[in-house]
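Please work through the exercises below with the structure open beside the text.

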Amino acid sequence: MANLTRKRIRLGNRDLPFQLVLIAFGIVTFFPLVLVVITSLKSNTQFYHNFWLPELPFQFGNYSSAFRIIWRYIVNSVIYSGSTICLIAAIASVAGYVFARFRFPFKTVLFLGFITLIMVPGVLTLAPRFVLVRDLGMVNTPFALISVWVSGGLVLSTWLMRSYFESLPQELFDAAYVDGAAEWQVFVYVSVPLARPMIATVAMTTLIATWNDLIWPLVTITDKDKMPLALGVMQFSSDFETDWGTLFAGYVISSVPLLCVFAVAMRQFISGLTSGSIKA
Amino acid sequence: MGGKAMLRRLATSPSGQVVKKQSHSPLHHRMWRAKWLYLALLIPVAMLLLFEWLPAFSALYNSLYIWNGGKVHFYVGLEHYERMLSDRTFRVAITNLVGFVFFRVIMQTALPFFAAEMIVNLRSQRWSYWWKIIFVFPMVVPQILNYLIWRFVYNRQVGLLNEGLKLIGLEEYAHAWLGDPNTVMWALAFVRFPWLPTLQFLIILGGLQTIPQEVHESAAIDGAGFWRRLFYIDIPMTRRQITLAMILTMLFMTQRFDLFLVMTDGGPGYSSMVPALQLYQSAFHFLEFGYASAIGVVLFVAMLALTIINLRVSAGATNQ
Amino acid sequence: MFKQLLALSILLLVFGAFTGMAQDEITIFTTVGGYYPDEPTENNPNPPKMMNTLVAEYEAANPGVNIELVDVPSNISGDQWRSTVFNGQNEPHIIVNNYIRVWQEQGNDWYVPLNDHIESPNPYIPEGTPGHERWADSIPDVVWNTTYHTGSGNQYVVTVNAVAVGFFYNIDMLEANGIDTAFDISYSLWEDWETMIGEMGALAEAGYEPLALSMSTATPYTYNWFDGTSLTSMYIDHIESWWEPGASWHALNQREFACAIQNGLISANDDAFADWLGLLADFEPMWVDGYATMTWDEAYRLFITGEVPFLLGNAASNTLQVNRDADFNWSVSYFPPVTETTSPHAANNETAYLVGGFTSGFTVTDRARREGIEEQVVDFLMFMTAQPQWGRVVSDSPRSIPTQYGLDVPEALSAALAFLDLPIRALKDPDPRLSRRYGEDHRRLMQEFFTDQIDLETLIAEEDRLMTREARVVIAENEWSCDFQME
């Protein structure tokens, strides 16, 4: 956060024009979100006749309908995404640390084995991956989701963690070594606390990716009681028609847990990504 | 555990230079000394091999076969790759993609850069902080929801864009943006405008924030104005972040198919078809998993090549 | 730290491997399409719920058998879901499926042939009702013939739903524009195709967009519903020579159409084919702007808000919706006959056709065989589709016309039911006509033509190439002989 307190050289008071442009940006960016809330308060008829403006009476019933149906999926999703985040944070920290701090044979090859996976189109690997997960007996269990989400998330997360650990000054570690700390102690007591912002970043990106994932749960979880939220919300649009108000209310409700996490982890998340350590 | 001391010796400084003198012992010796490191990487490497690389290699393998996702499975060698050369749909798809990616890469790098530039230049630190939060916030919205909303924006009859045109008296330009082959790719390229992609935005912002204050101070003393500073200091000094933002955008956009599937299904005709969507359709509509895999392999190779070129160009420019 | 993680991961894997093993009870998974019992919401207070009752009854009568209903999102992910679960052998035992997909996929042995099962008695059908002695008798032959897979000689689908497509029209709006809205069941709202084009043209002159429809495959699309009807009319004089020997009027199966192409009985270079393309080109200006990428819901909205006087929709399921949402007088008609006034090739065409037909039904999947519970699965299917049960499903949720004999059809479906008296089209939607590949590419070619990306000459050349290629592929895949047409 040191950067926030730095004074900038400016030619006069430039804030006003910048602020105006940013406000314009902000309004356009946020308009769709406002629209989601507006639509969530409409009946189908209101929605058909008036797309853009809010209309009385507000259908707050959409929220109770949606919540009554999807609350249990929220619980599921919290469990699935929560375990995924914990595992990724732990594994990616270790892996990122190893890649950042050590030199060993085949390091480059191994690391490329992580990073090039960004370029493999996911839709291509869906079927083979499903066969694999089935052979492991994981279909219709949380492990089908967690194992694949963790391995998929590791790609970006390990790279982020590695970049961050690389940017930490060597003196911090030297001090710990001088005090006689073992490597694992350096990792647990020095590196991890320092990397908290980047761990928050990894957690947030993982949360959002898993929370909204649709196709993988669709093929692996057929048991209604085990479905994650993204699938649960889908049931408001059916073969015959879409219940727009309830669907959008469902989306609003489903983003509430994300908002809570966002509120708590935001500062860390932003400072993790803006640390300047992430570059080509 | 004697391993600790060995690990210490393997530790490098961030710049990559070896703290202890590099050993010239045989490979297996060095590998044995790094055994704890390999063990530490065991879980992630095993997981990636199992859940990522194995499926990826089976796709590579299947690209040499005709496979309908079921029983029909026989070797055809490079036939799918030959077919791609003469496939009109694939040709159109590639053309569409090149334009789309080119535009999105510029848009998704330039917009975050300018927004970040404005934010770091704000006098009010409090506002600067709040703007970051405001622009990062939309990432909680599921992608599918964004597409639904943007369908409404481009809708012919009640779409926001046409309503806006009507409002400013340009009614004659109002039309079905997604239903017209001349405008559909532009419409898709502007989906979510001017949203700032979170990752790219924060990475560039991070780059700008770490430019040492003294650099700007001395530039100001030399009388450099805003634009001079932008082109001679800010852009060159965040080159690596900008390159990364471009690469990431390129990778994400090349693989994107849900946008096209939900908004236009590649139509009208083939005018918004892209390779990723063709891959999806080949596999799941026509059960041509072999051909789909071949398209995937070509996309992978293209992305890899573009990434390497991009990195080389960027590194070359930095070294000058 | 990583040691604990390692232990944890192994534990997870082992635990995962044990779940899903060892069941002493039979569990049958089934999808039920639009009859899935969703939970009620403010806007949808009466979702279908009869399936729950049926499941409870069946489970009570068959201790040790569990029925699990599976909800598959009907949208774009359906195809992806199906091929993935089949690939991973985790498909439900019973799947609601479209017969064209079954044809496309049957070579994989994903579906169990029901040939013998439908010949046996269905104990759940009461004595005296068709089907009690022989299950197949509960459903008309025309349904079986349409969905039968010629290549393998197998019947994979039990089709219990009929679809009738109609023109929904806004009576208030049409009468305000001086158009007579008296609908005659013997032809249509109009006497012939030209009258329809004329009246829609007048509406277009008056500043309306006459017809709302969707031509985007991303959603259920409605364009293809008149594609086959008009093509049938244009080839009315020739269709008889395409039939297999001894057949009477029927919807052509894949083999007959593919062979007709192979044998040069139909070609994109025909005059009749050019006339057909001309008919579609004359019709296209009447469609709402943006139809090529419009979703069904967007088209529906235009009709409901009174912006567009005509809507192409499902006369059964959409009737419920329009009933609820429309605040004007409306009715539902169907496509007028294409006659001599449109093209000399249609001179001998006397009738309008039923657009729609028998699209989706229940298939039993290979999983039933793998698990050795085929008999039990078929038994449940017999139970579910028997008239006493299916009748309750349909009256609870009147969204499709039941095909079974001896069912009271709910009042809401009466209009659609009347349409079923019309003769069936000989040439079906583009997909089941030849192949999914053909359907998809044909639709895109027509879009390119309509949006002026290609001219008529190119369209004909491309269509010719496409039809010839797909006919060859389909014939080769099934190892068909086409000699029967050459007598």
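**Conventions.** The model is predicted; local features need pLDDT of at least 70, side-chain atom pairs count only at pLDDT 80 or more, and totals for chains, interfaces and linings use all residues. Residues are numbered from 1 along each chain as its sequence is written, with chains lettered from A and ligands numbered from 1 in the order in which they are written.

**Exercise 1.** Describe the confidence and the fold content of chain A.

*Solution.* 
Step 1. The average pLDDT (the predictor's confidence in each residue, from 0 to 100) of chain A is 86, and 94% of the residues score at least 70.
Step 2. Residues 1–12 of chain A stay under 50 in pLDDT. Where pLDDT is low, the predicted coordinates should not be read in detail.
Step 3. Chain A holds twelve helices and zero strands. Helices (H or I, at least four residues) and strands (E, at least two) are DSSP runs, numbered from the N terminus.
Step 4. Of its 280 residues, 55% are buried, meaning that 20 or more other C-beta atoms, placed from the backbone, lie within 10 Å of the residue's own.
Step 5. The C-alpha trace of chain A spans about 70 × 65 × 30 Å along its principal axes.

**Exercise 2.** Determine how the radius of gyration of chain B stands against that of a compact globule of 320 residues.

*Solution.* 
Step 1. The radius of gyration is taken over C-alpha atoms, and the globule rule is 2.2 Å times the number of residues to the power 0.38.
Step 2. For 320 residues a compact globule would come near 20 Å, but chain B has 25 Å.
Step 3. The C-alpha trace of chain B spans about 75 × 70 × 35 Å along its principal axes.
Step 4. Chain B comprises 17 helices and two strands, and buried residues make up 45% of the chain.

**Exercise 3.** Identify the elements of chain A that touch chain B, and the one with the largest share.

*Solution.* 
Step 1. In total, 79 residues of chain A are in contact with 92 residues of chain B, a contact being two residues whose C-beta atoms, placed from the backbone, lie within 7 Å.
Step 2. The elements of chain A giving two or more residues to this side include α1 (15–40), α3 (61–101) and α12 (244–273).
Step 3. The largest share, twelve residues, comes from α1(A).

**Exercise 4.** Trace the path between strands β1 and β2 of chain C.

*Solution.* 
Step 1. β1(C) (residues 26–31) and β2(C) (residues 65–70) pair in the parallel sense over six bridges; pairing requires that DSSP finds at least two bridges between two strands.
Step 2. Thr30(C) has Leu69(C) in β2(C) as its bridge partner.
Step 3. The chain crosses from β1(C) through helix α2(C) (residues 50–61) to β2(C) in a right-handed β-α-β crossover: with the strands pointing away from the viewer, the path from the first strand over the helix to the second runs clockwise.

**Exercise 5.** Explain why helix α3 of chain C is largely enclosed, and state what its buried residues pack against.

*Solution.* 
Step 1. Helix α3(C) (residues 78–87) is largely enclosed by the rest of the structure because seven of its ten residues are buried.
Step 2. Among these buried residues are Trp81(C), Val85(C) and Phe86(C).
Step 3. The buried residues of α3(C) pack against α5 and α10 (215–220) of chain A, together with α16 (275–284) of chain B.
Step 4. Just after α3(C), Gln89(C) takes a positive phi of about 50°.

Key. Buried ≥ 20, exposed ≤ 12 C-beta atoms within 10 Å, placed from the backbone.
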